[in-house]
Amino acid sequence: MRQSASDYLPRTIDAFLAMDKQAAEKPMTPEGKTAHQELKAQLELLDSKLDDIAQDLERQDTDRLLANRRFLEQRFGMRDPAVHVDVA
């Protein structure tokens with residue numbers, strides 16, 4: 001995520017901003033995309049990838065919490081969930 005924010009995003013925007021305004025409005029790809037449309041497509045790609053990374057991190061956090069529970073159950077044994085113990 002850091003590399004996306006500190007490298008990929010600025011590089012993408014800088015490449016667009018370096019273009020002459022008139023050149024940026026002309027079709028530049030075989031499909032006829034303008035530089036503005038290409039910038040938008042690249043930003044959407046970055047956004048999608050960042051969403052994927054965020055979901056992976058959330059899954060890792062969940063997995064780590066569940067793994068810790070399994071460790072504690074193995075270390076200290078299973079307790080009867082019907083027995084309630086006040087910690088306060």
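## A nonpolar surface patch

Helix H1 supplies the largest share of the nonpolar patch, three residues. The patch is formed by Leu-9, Ile-13, Leu-17 and Leu-43, which together have about 310 Å² of accessible area at the surface. Such patches take residues with over 30% relative accessible area and no salt bridge, nonpolar side chains being joined within 5 Å; a salt bridge places a side-chain nitrogen of Lys or Arg within 4 Å of a carboxyl oxygen of Asp or Glu. Areas follow the Shrake-Rupley method with a 1.4 Å probe.

Leu-43 belongs to helix H3. Leu-43 is partly exposed, because its relative accessible area is 31% (buried is under 20%, exposed over 50%, partly exposed in between).

## Model and confidence

This is a predicted model, in which local features need pLDDT of at least 70 and side-chain atom pairs pLDDT 80 or more, while totals for chains, interfaces and linings use all residues. Residues are numbered from 1 along each chain, and side-chain values use heavy atoms, without hydrogens and water.

The protein chain averages a pLDDT (the predictor's confidence in each residue, from 0 to 100) of 85. Mean confidence is lowest in H1 (residues 2-17), at 84, and highest in H3, at 92.

H3 covers residues 35-76 and reaches 61 Å between its first and last C-alpha, close to the 62 Å expected at 1.5 Å a residue. Helices are DSSP runs (H or I) of at least four residues. Ala-35, Leu-39 and Leu-46 are the buried residues of H3.

Thr-34 lies in the loop between H2 (21-24) and H3. Thr-34 counts as buried because its relative accessibility is 16%.

How values were computed: Helix = DSSP H or I, 4+ residues; strand = E, 2+ residues; numbered from the N terminus. Expected span 1.5 Å × (residues − 1). Buried < 20%, exposed > 50% of the residue type's maximum accessible area, 1.4 Å probe, protein only. Patch = residues over 30% accessible without salt bridge, like charges linked within 9 Å, V, L, I, M, F, W, Y side chains within 5 Å.
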